[in-house]
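Here are some worked exercises to go through with the model open beside you. Try each task before reading its solution.

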Amino acid sequence: MKNIVKAVMLGALAATAMGGVANAAGKTIAVSWKTFQEERWKGDEATIKAVVEAAGDKYISSDAQGSAQKQAADIEGLIAQKPDVIMVVAFDADAILPSIKKISDAGIKSIAYDVQFEDPNALYITFDNVGVGRIMAKEVLKVKPEGNYAFIKGDKGDPNATFLFQGQLEVLKAQMDAGKIKNVCETFTDGWKPDNAQKNMEQCLTSTKNKVDAVLSENDGMASGVVAALKAQGMAGTVPVSGQDGDLAAINRVALGTQTVSVWKDTAQLGKAAANAAIALADGTAIDKIPGVAKFNGGKKKVEMNAILLAPTPITKDNIGDAIKAGHITKEQACAGVKDNAACK
Amino acid sequence: MSNTPNTSQSPAVEKEGPITRLLRATEIDARILGMAAALLVIWAGFDIYSRLFSTIGFDSDGLIFGGSFITPRNLWNLLNQTASIAIMSTGMLLLIVMRQLDLSIGSMLSTVAVAIGTLQVFRLAPALGEGNRAIWIIAVFGALALGSFMGWFNGVLVAYARIPAFIVTLGGLIAYGGLAWAIIRGETVAPMDSTFELLGGNVPQYSLGVFWSWVVAVVAISGIVYSIWNSRRQRQRFNFPLRPMWAEWFLGAAGSVMVGLLTWVVTIYPWAPNVIKQWATDHHITVPAGIEDKDGNAICMAGEQMVRCVHGYIVYTGYSIPFMIAVGVGLAMSFVATRTSFGRHIYATGGNPEAAELSGINTKKLTVKVFILMGFLVGIGSIITSARLNAATNSLGQSNELYVIAAVVIGGTSLSGGIGTVSGAMLGALLMQSLQSGMTLLNFESAFRDMVVGAVLVAAVFVDQLYRRSVK
């Protein structure tokens, strides 16, 4: 057992040493990933690696395997390899802060990738989450400018559920104050689960006797439950429904007309933006001079940070072709059972 | 043998109150009666509350108090929403009676659902052509087989590898959750095969309708009458004490009235107007211009709006397919639990495992069988859940194990084994779903909903304990 530990440690030392040597050539961009258990991060890594290597820089990384302790150790290991920038997908936004301080103490720049940690020296890159809610509301509002709205919110334990709802209300406020839009049902959905969303929607339709004109569902999974509940009342396709994530099944529903919008956060876009920002930082660009950077203080502790907030893409029946072209979904998947969408012809 | 109440002829008879006397004479389990009473109180409470505090102020079609809970539509929904949990609770009941437990059923349900979902959509539909009648049959058998297999696997680990069921199935909860994710990589498969979808009861056109619902009712009432008559005859044959004649009549009448009421309720739930409209268009039925009823509801065509009728008739829904499946499972499982040696062995093993083993019961084999049965029922649950949603994803069924265990426990099943009934477990499931549906219907905050459901679980067990102590 001891021998194994020794061997691993020697290996790690050797790797570190080699990393140090290779450093001399270009700049080095390091990424500390929180996990590769969720499939999307592998995609993000591929994008970032490609952009970094295309610029002639070196990419190094570590995988925290879903552990805050391992991530702290990972970051120490990365610092030892003397990269120019360390990008961090934090597993725990608070527990990561001492590690971030170590990064800046070593004179290395840090980027918070997709998960915010509130350190004023770091650059935060993510999609605009409140904006997702706004886009949902805008697209639904286009179809139903007035009437009874139902809000199927995500899990009550997830702050995003409330962010999204805030964004929706911002857009709808004027119409609600004018009495044109009425909030007839508003409910959290345990675990963001589609079957719970279906039950919630059924109860909403029962209590309002089907007098629901629009549904703001906070993601695509729940939208599938909402559409199933509407279908049982013969209302699918006439009542606008929102969602997010760009789920393949949801894009198909958008093409079919049973869902109005799926707000899609193209993670390739996020990876590209982050990699480019990292390269610019490594080349010595000041953090507030990077294109797209603005001040952001919407975090838990209201710390002001430099941030790049990307605008997500609403997928509606008019631009399904774009998602197909971007390679996110095949035409067969998007267009199964669809008769009257231009992109499907 | 603690769960078979004894004779009706004891000296204490004269001193009993009317309810105790009724219970003793009819041999109805007081806990079942208590639960049914609790259910009615909850329903009435929600209905009255919704009548008094309705913020929406829409017109009501409430049957008793004019609220929105005791309406044909809500009760129909409630039965549909309960089906999957109720079905799985009958299997969990047998496991718990046997002093076992299955924590993995939620994850199993996800795994089976995504497996048959991908099978239908990505394998069978391209191979056989979309809408092929073979697809749903293969999917159903696939679900039952996969569920049973996973149950068998759990059972073998528990019985032969001697790992405690809690550990095996806790591992299963985590591992099968991962498996479900791996099959589908976090995505959603939709839509399901169009025939398969009907099994979820979400398509009102394919519910039983008025005629067949009443046929079911007549069959059910005949069944009740026959079983009462048959049991009396059997008791006479073996010289067992008989229930008094009035008690027999009471049981028959009560059962028939309940079946009749339920059937009446589901047969006055009309299709949604849009569904009728679609149906009429699809079947080239010309809809006559209509009239309004006294409340101003259009009963046929009212201008552009067409509501609740085709050919001047309202089309009613009747019993849904998931409900019928649940009733079928309930009857079968009741029979298995009380009338077969397999069932009696389960209760005997739960009551005293050592004694059961010494008396020649192969408890290992029995354990595996009960786990297989659990898996089979999970298979049914996953069919209904994914068909109802018309989509499958790995989050489907998550934490169902907790609801199922809660239903079984609320239904008066003892966690120390040997005691519990199928009807109790299913009623427990209905009670819990009533609480959840009712509070959602009234727009209660979900945090509050969770607190109430949790409190009811604990309170139900507490009351059960009190009852058991008082019986001793």
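Contact here means heavy atoms within 4.5 Å. This is a predicted model, in which local features need pLDDT of at least 70 and side-chain atom pairs count only at pLDDT 80 or more, while totals for chains, interfaces and linings use all residues. Residues are numbered from 1 along each chain as its sequence is written, chains are lettered from A and ligands numbered from 1 in the order in which they are written, and side-chain values use heavy atoms, with hydrogens and water left out.

**Exercise 1. Find what B:Thr440 touches, leaving aside its neighbours within four places in sequence.**

Step 1: go to helix 16 of chain B, residues 422-441, where B:Thr440 sits. Helices (H or I, at least four residues) and strands (E, at least two) are DSSP runs, numbered from the N terminus.

Step 2: list the partners, which are A:Asn200, A:Gln203 and B:Arg449.

Step 3: check the accessibility. B:Thr440 counts as buried because its relative accessibility is 9%; buried means under 20% relative accessible area, exposed over 50%, and partly exposed in between (1.4 Å probe, protein chains only).

**Exercise 2. Describe the contact between chain A and chain B.**

Step 1: count residues. Chain A gives 40 and chain B gives 45.

Step 2: get the area. Together the two chains bury about 3600 Å², 45% of it on carbon and sulfur atoms. Buried area is the accessible area (1.4 Å probe) that two parts lose on being put together, summed over both.

Step 3: A:Gln203, A:Thr206 and A:Lys209 supply 17% of the area that chain A buries against chain B, more than any other three residues.

**Exercise 3. Work out the strand order of the open sheet in chain A.**

Step 1: follow the pairings, where two strands pair if DSSP finds at least two bridges between them. The 7 strands run 2-1-3-4-5-12-11, with mixed pairing.

Step 2: find the edges. Strand 2 (58-63) and strand 11 (294-296) each pair on one side only. From one strand to the next, the twist averages 30°.

Step 3: zoom in on one pair. Strand 1 (residues 28-33) and strand 3 (residues 85-88) of chain A run parallel over 4 bridges, and A:Ala30 has A:Ile86 as its bridge partner in strand 3.

Step 4: Helix 3 (residues 68-80) of chain A lies across strands 1, 2 and 3, at about 170° to strand 1. Axes are lines fitted to C-alpha atoms, for helices over the stretch in contact, and angles run from 0 to 180 degrees between N-to-C directions.

**Exercise 4. Sort the side chains of strand 8 of chain A by direction.**

Step 1: A:Ala214 and A:Leu216 point one way, A:Val215 and A:Ser217 the other, and all are buried.

Step 2: find the neighbour. Strand 6 (residues 147-153) of chain A pairs with strand 8 in the parallel sense over 4 bridges, and A:Phe151 stands opposite A:Leu216.

**Exercise 5. Which backbone features of chain B stand out at B:Pro191, B:Asn239 and B:Asn390?**

Step 1: recall the background. Most residues other than glycine have a negative phi, and most peptide bonds are trans.

Step 2: the bond from B:Ala190 to B:Pro191 is cis, with omega near -10°.

Step 3: B:Asn239 has a positive phi of about 60°, and so does B:Asn390.

Step 4: compare their surroundings. B:Asn239 counts as exposed at 71% relative accessibility, whereas B:Asn390 counts as buried at 13%.
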